[in-house]
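Thank you all for coming. I would like to take a few minutes to walk through one model, with the sequence and the structure on the screen.

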Amino acid sequence: MPRIHRRPISARPPNSDQTPQQFYDWFAQVDRSVAHSQEAHFRAHVATVAEHLGTVDMLLERLDEVEKGVDSMLEEWRGVEESGKSLKDACERLLEDRVCPVCYPGRSLTDAPCDLQDKLLALTDEIDARLEYFQELENATRMLNHPGESLVLQTDFLYMVERVDICIEYLKAHRYYKEVEVYLLRFQQCMTRAMTLIKMFFVGSLRALTADVSKRLSEKDVSTMAQMHLLYTRFRSVTPQLAPLLNELERRATVHPEELSALLSECHTAYFGARKAILVGRLTEEIRGLDPTHTELVELTNAGCTYLKQLCTDEFDLFREFFDSGEDQLYPYLETLCDYLYDDLRPRILHETKLTTLCEVCTVLQALMVLDVAEFPDEPPDELSVDLDLPKPRGLGRLHISHLLEMVLQDAQTRLFFKAQSLIQAEIRYYVPKPEDLAYPDILVGLSSELFVSWGHRMLMKHCTAVRKPTSQFDAKEKENVSRLFQLSSLDKQETWYPTLQKTVWVLSQLHDFVNPAIFEDIAQEAVSLCRQSLVSSSAILGQRNAPASTLDGELFLVRHLLILKEVTNNLDLAGRDAQRQTGQGGMTDALASIFNKTTALLPDALFASLGMPRGYESMTDARHEIDQDLKRACQNLISLCAKSPCEPLREWVDRVRAFNTSRTATPSADLLVPVPLLTEQDWACQSAAEALHAKFIESCERDLRAAVTKLRLYLEDNRTVSVLLTHAREAVVDGYMGYREVVWNMYAGALRGVIFSEESLKERLNVICDE
């Protein structure tokens, strides 16, 4: 209704000079204005009613259209019903005529059945059986149109889903039926609607349960047992209702991944979101209680990873109560929970400077992984045993906690590797020896004299330490690693080792179980090579300190430490393991004895093989080959030094005699008129000089060779190894003396034949000296 705008009327009466008619007109206008203002809300109400009447009219028109549509559908349905009834009547008439009058005239209905009618009955049954699959669509549609999410809890719901699945499979197998694609599409829509109802019911139930649990957890003074009840027992209480529905969704999603996998993924996402929402608070509180900033790294790793392992195990078990699939989403969810600890643990690991601490961290993580394997063995069931009480294995299998700990373990191993490299460079390659480091043989002599006292003191200190502070599991693990990897007879005397060798063995023993074998082989070769170089240079320094008296000490120092280093490399098995060497070769001493005893010549290859080393053309790593070459040269020098003091004067005298005889023989005939003095007339070649030289040889053997043997036994300690080296030293002395014996045997009219030694008597005397 259009609104009429009126001019405002003055509330004052007109002036007194106006006529009464004007006054009446003014009063009439005021009266009409008052009436109009009083009726304004009635007019607005009338306008609103008019609008509502228009809306109602429109709804009535739409209802008429819907009614017409329903009437047309009803008419069509009646037409179908009539057609079906006509078909049914025709079939019933055929059934009544059980006897064909043409084939069997005069027979009753039960006398002779007609084959044609039997075929028609069979055909009717087959048609009914096929139509059942199509008629199932109406039942499914009627049930799915039932309002409310509680539909999924009805007994017939899962049965309907199973029937729809059967119909879909049947229609896919019979695509040549008429309108099969239309029915197949509608059945698939029914399946999608049913699975969507399951998803909505699950998400709604989960949301309501999460809200209730969160509300209760937010209350004050909630005990740990109450928290576990709310976090797990409450969730398990709904699994009897939700798990069968989720299993149906998982099974259908496996068969129809294109249509239903997204619904299952949404269920997984909703579940993980709900669990994370109620767990994060408790998880951060637990991690805060560990005090990641100030707690010792090993204790933090042990306590934190143990807690995370238990948490992940509980979450995995609860997830299995609901689902039988989704492992690809479960592990990322568990990793997000572990990240709350890793965010504090990873910086501590990457900034840790102690190698032992990093090894203990790796020990803790590997122990948790080993326990993971031990708790859940993947052994196949016995085919002959049948246990009906055991549940069938679920699709998720078992939790692999190692997948969750692998990331932090790799961080620890990486830091361990770089720290080990830093130690190798600082403590081995660039190590500067101190005077006390090269105080040989004083170090060995001091150890021998204080062995008994030191043993008693260590036992007492060990007992006191055990009383004051029990050995931790990580210390025990470290000692176990060392004893298992380096089964050396001299390992208990590491205080007599050169510092670089001690550091090499210690670093490699720490790394062996905690880094990749290929990486360990590389760093072991580097450490062994640098250790060998430091031993060679330190041996040269020791040999030049008080030369020539300390020359033998330098060579013995090098042989001692190279033998230990070689045995270490054998235990570490650097560079591809050789099966024959592992099974058929004994220790270093067996190799020395077996080869040295077969020959008396110090041929390079013979000496090379006697040290337990393959020949140069055989496959070997550079580190082992360099150790073998240095050990070969050191042994040759050692044997030469042992024979030098007794044999050097004899060799010089023999060379002088031979030179004199050569010069006398080469004198020209013109000079024969001048008499040439005889050899025995020379002061240095007279009989007394030869006897004095023989006595000096005996004295040198008694003094110098005996001292060398004592040092050999002091440095090498192993009697079999010393025996192998002394065998070659005795042969070198015998060879040097036999040259002297040849020269003096026919001199002085055989006067010295009763004085000089025979080869057998000399060997016996040397054996007495070397065996004392």
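This is a predicted model: local features need pLDDT of at least 70, side-chain atom pairs count only at pLDDT 80 or more; totals for chains, interfaces and linings use all residues.

Residues are numbered from 1 along each chain as its sequence is written, and side-chain values use heavy atoms, with hydrogens and water left out.

Let me begin with the salt bridges, where the term stands for a side-chain nitrogen of Lys or Arg within 4 Å of a carboxyl oxygen of Asp or Glu. By that rule the model holds 27 salt bridges. One of them pairs Glu65 with Arg62 at 3.9 Å, N to O, and these two residues sit three residues apart, about one turn, in helix H2, residues 40-96; helices here are DSSP runs of H or I of at least four residues, strands are E runs of at least two, and both are numbered from the N terminus. Glu65 and Arg62 are both exposed, where exposed means over 50% relative accessible area, buried under 20%, and partly exposed in between, with a 1.4 Å probe and protein chains only.

A second pair, Glu248 and Arg251, has its closest N and O atoms 3.1 Å apart, and it too spans three residues, about one turn, this time within helix H7, residues 239-255. Is Glu248 buried or exposed? Glu248 counts as buried because its relative accessible area is 15%, whereas Arg251, at 38%, is partly exposed.

In a further salt bridge, Arg703 and Asp704 bring N and O to 3.0 Å at the closest. Arg703 is partly exposed at 45%, and Asp704 is partly exposed at 25%. Elsewhere, shared partners link Glu162, Asp165, Glu248, Arg251 and Arg252 into one network of salt bridges.

Now to the empty spaces. Rolling a probe the size of a water molecule over the atoms shows where such space is left. The work is done on a 1 Å grid over the protein atoms alone: a cavity is a set of points where a 1.4 Å probe fits but cannot get out, a pocket is an open set with protein on both sides within 12 Å along at least five of seven lines, and lining residues have an atom within 4 Å of a point. There are three cavities of 30 Å³ or more.

H2, helix H3 (115-144) and H5 each supply at least two lining residues, and the largest share, 18 residues, comes from H3.

Finally, the methionine: Met407 lies in helix H12, residues 401-429, and is partly exposed at 37%. Which residues does Met407 touch, leaving aside its neighbours within four places in sequence? It is in contact, meaning heavy atoms within 4.5 Å, with Asp339, Tyr342 and Arg346. Met407 and Arg346 are 61 residues apart in sequence, yet 9.5 Å apart in space, C-alpha to C-alpha.

Key:
Grid points are joined across faces, edges and corners, and a volume is the space filled by probe spheres set on the points.
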